Amino acid sequence: MKYKLHIIVFVILLVLTGCSARTESGELSDKDSTPSQSHNDSYEKSGFVLGTIVTVKIFEDGSEETLEEVFERLDEIEAKMSFNSAASEVIDVNASAGMAPVIVSEDTYEVIEKAIEFADESQGKFDPTIGPLVDLWGIGSEGAAIPADEDLQNAMNHIGWKNVELNGYEKSIYLKEKDMKLDLGAIAKGYASDEVVRILKNKGIGRAIINLGGNVYAYGEKQDGSAWRIGIQNPFSTRGEYLGILSVKTKSVVTSGIYERYFIQDGKRYHHILSSKTGYPVDNELASVTVVTDSSVNADALSTVLFASGRQGGIAFLEEYYPEIGAAFVTKDMKIYGYNLEQFDVEWTNPEFEVIK
């Protein structure tokens, strides 16, 4: 199936002063980890959490204390769900695979339960047990390489969402077969983004931009009541080049595609979105998929489901399960197929792309 790192989404903010500024996760520094207050009473903090650079900017009614609470919550989620750290609840579940159930927190249980729901709906195109393949390929690390056939087959033998046993009463997770591994990298950031929104709502804060490494939540609206403008990265160009702009209020925008993490071997590019059916990176007509919806955890998972499904399969999936969600499918032949995007007043700005729908 697939493990994904979201493609960078560019946030175009028309801020209180009337001037414009663009925030892009690739331009942020993880050294800038202290809250700052701007001249227009907005509060902003950046830091490295959940394997990516996170920036939260609150407009009005914010405080350094609120930002600290937000980042403490993000750290808490990472400590529970990280696949790569030395210790986490997910690591504990993986270590007990084939031996015993592990009781986890409400957070971790909820995310795993949601991941299994998407695995069921997509028939494994989204599969949180993809961990053995992610480990084997190592895409994003210096050791990334095409695995040997024997190793690949062995990893695939330990993948299968149907072998995850959930106990809602005990809040326990059991991987039925030894060497199975959960990896929540395709859904945990979405959950974290939704948790930031929950905190802001509880504080009575009405406007903010939350950017978890390209997983963007445009919360509320601009001061004048107009929508935030979110630029979608051109998957064939360098960062900062976008192919269109979405106008959204209180929406999550998440993109998955083939170019953000990859390595090239023998002239062929191998990206990070892996298929549990083949063991190799997903290979279809798509270059990227962008999802727009209220729930970031849904957008996070769906961007992977739709990419792995291909354009036609992805649209059929939305029509069956999530007809209200907006999506943009960008194909390798530079065509854009929109689904339910009319509601967001999308503006396609790059003439090199042909807009089909």
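Select Val-49 in this predicted model and display its surroundings: beyond the neighbours within four places in sequence, Val-49 is in contact with Val-54, Phe-71, Leu-74, Asp-75 and Glu-78. Val-49 belongs to strand 4, residues 42–49. With a relative accessible area of 3%, Val-49 is buried, because the limit for that term is under 20%. Next, draw a C-alpha to C-alpha distance from Val-49 to Leu-74: these residues stand 25 apart in sequence and 6.9 Å apart in space.

Now select helix 1 (residues 64–81) together with helix 6 (residues 188–202); their axes come within 10 Å and cross at roughly 150°. Helix 1 is therefore roughly antiparallel to helix 6. The crossing of the two helices is right-handed. To view the contact, show Thr-66, Glu-69, Val-70, Arg-73, Leu-74, Ile-77 and Met-81 on helix 1. On helix 6, show Ala-188, Tyr-191, Ala-192, Glu-195, Val-196, Arg-198, Ile-199 and Leu-200. By class, the residues of this contact comprise ten nonpolar, one polar and four charged.

Strand 8 (residues 172–175) runs antiparallel to strand 6 and is joined to it by two bridges; within strand 8, Ile-173 is the bridge partner of Val-102.

Definitions and conventions: Residues numbered from 1 in each chain as written. Predicted model: local features only at pLDDT ≥ 70, side-chain atom pairs only at ≥ 80, totals over all residues. Heavy atoms only, no water. Pairing = 2+ DSSP bridges. Helix = DSSP H or I, 4+ residues; strand = E, 2+ residues; numbered from the N terminus. Buried < 20%, exposed > 50% of the residue type's maximum accessible area, 1.4 Å probe, protein only. Contact = heavy atoms within 4.5 Å. Axes fitted to C-alpha atoms, helices over the stretch in contact; angles between N-to-C directions. Parallel < 35°, antiparallel > 145°, perpendicular 65-115°, else oblique. Left-handed = near helix turned anticlockwise from the far one by under 90°. Nonpolar A, V, L, I, M, F, W, Y, C, P; charged D, E, K, R; others polar.
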